[in-house]
Amino acid sequence: MDGAKFQVHSDDVRKATHEALERRGVTNEDIAKIVLDMQLPYNEGLKIEHCLESVESVLRKREMQHALLVGIELDELAEQGKLSRPLQQIIGSDEGLFGVDEMIGLGAVLTYGSIAVTTFGHLDKNKTGIIHELDTKYGDHVHTFLDDLVASIAACASARIAHRTRDLEEQGRTFEDLAPEETTPETHVEGAET
């Protein structure tokens, strides 16, 4: 490119993000199951459909899309042996002292506040659901970044549900009263700001 400013259309970034997750075998449903497990004890009437809507809302954020595209690309390049040494060995083996993967995941959760940060820490430590599967090494697959990025998405989606719970409580409602398509507060829940 000649140095001129160029903007990638949001639809292209969103599509590339979904394709990257699909290529790596991660579905929105996999992530939503983690969200449901984490939030169901605190949210009467919460359904997987609410969690799916929250996951999709998180995946609409450019910050998350960029983190996913970078992390997945690095995992794929490591699988192909295309990184320079010693980075190839560090990412390929998911070296314990390499914390860049966690930092990218953590950076992406900051948009959703302290509850997302603490939830990310919990998921990073406990590795539930698809996060555990991605963290478990088998074959030639490298998921050094992806397990942390999936934890980031789940933490953000969980934080959104927790914040939504407060909005609903103030209205005298629960998730039982809320259709899944009303989960997105930015467009559907009156009085909600984030």
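**View 1. The largest nonpolar core of the predicted model contains 48 residues.** Val26, Val55, Met64, Leu68, Leu123, Val150 and Ile153 have the most contacts inside this core. A nonpolar core is a set of buried Ala, Val, Leu, Ile, Met, Phe, Trp, Tyr and Cys residues joined through side-chain atoms within 4.5 Å, where buried means under 20% relative accessible area with a 1.4 Å probe, protein chains only. Helix H9 supplies the largest share of the core, twelve residues. The model is predicted, with local features requiring pLDDT of at least 70 and side-chain atom pairs pLDDT 80 or more, while totals for chains, interfaces and linings use all residues. Residues are numbered from 1 along each chain, and side-chain values use heavy atoms, without hydrogens and water.

**View 2. Helix H2 (residues 28-39) packs against helix H9 (residues 146-170).** Their axes, lines fitted to C-alpha atoms over the stretch in contact, lie 9 Å apart at an angle of about 45 degrees. Ile31, Ile34, Val35, Met38 and Gln39 of H2 meet H9 residues including Val150, Ile153 and Ala154, contact being heavy atoms within 4.5 Å.

**View 3. Helix H7 (residues 113-126) also packs against H9.** The angle is about 135 degrees, and the axes are 8 Å apart. H7 is therefore oblique to H9. Among the H7 residues in the contact are Phe120 and Leu123, and among those of H9 are Ala155 and His163.

**View 4. Met64 touches Val58, Leu59, Ala108, Ser152, Ile153 and Cys156.** Residues up to four places away in sequence are not counted here.

Notes: Axes fitted to C-alpha atoms, helices over the stretch in contact; angles between N-to-C directions. Helix = DSSP H or I, 4+ residues; strand = E, 2+ residues; numbered from the N terminus. Buried < 20%, exposed > 50% of the residue type's maximum accessible area, 1.4 Å probe, protein only. Parallel < 35°, antiparallel > 145°, perpendicular 65-115°, else oblique.
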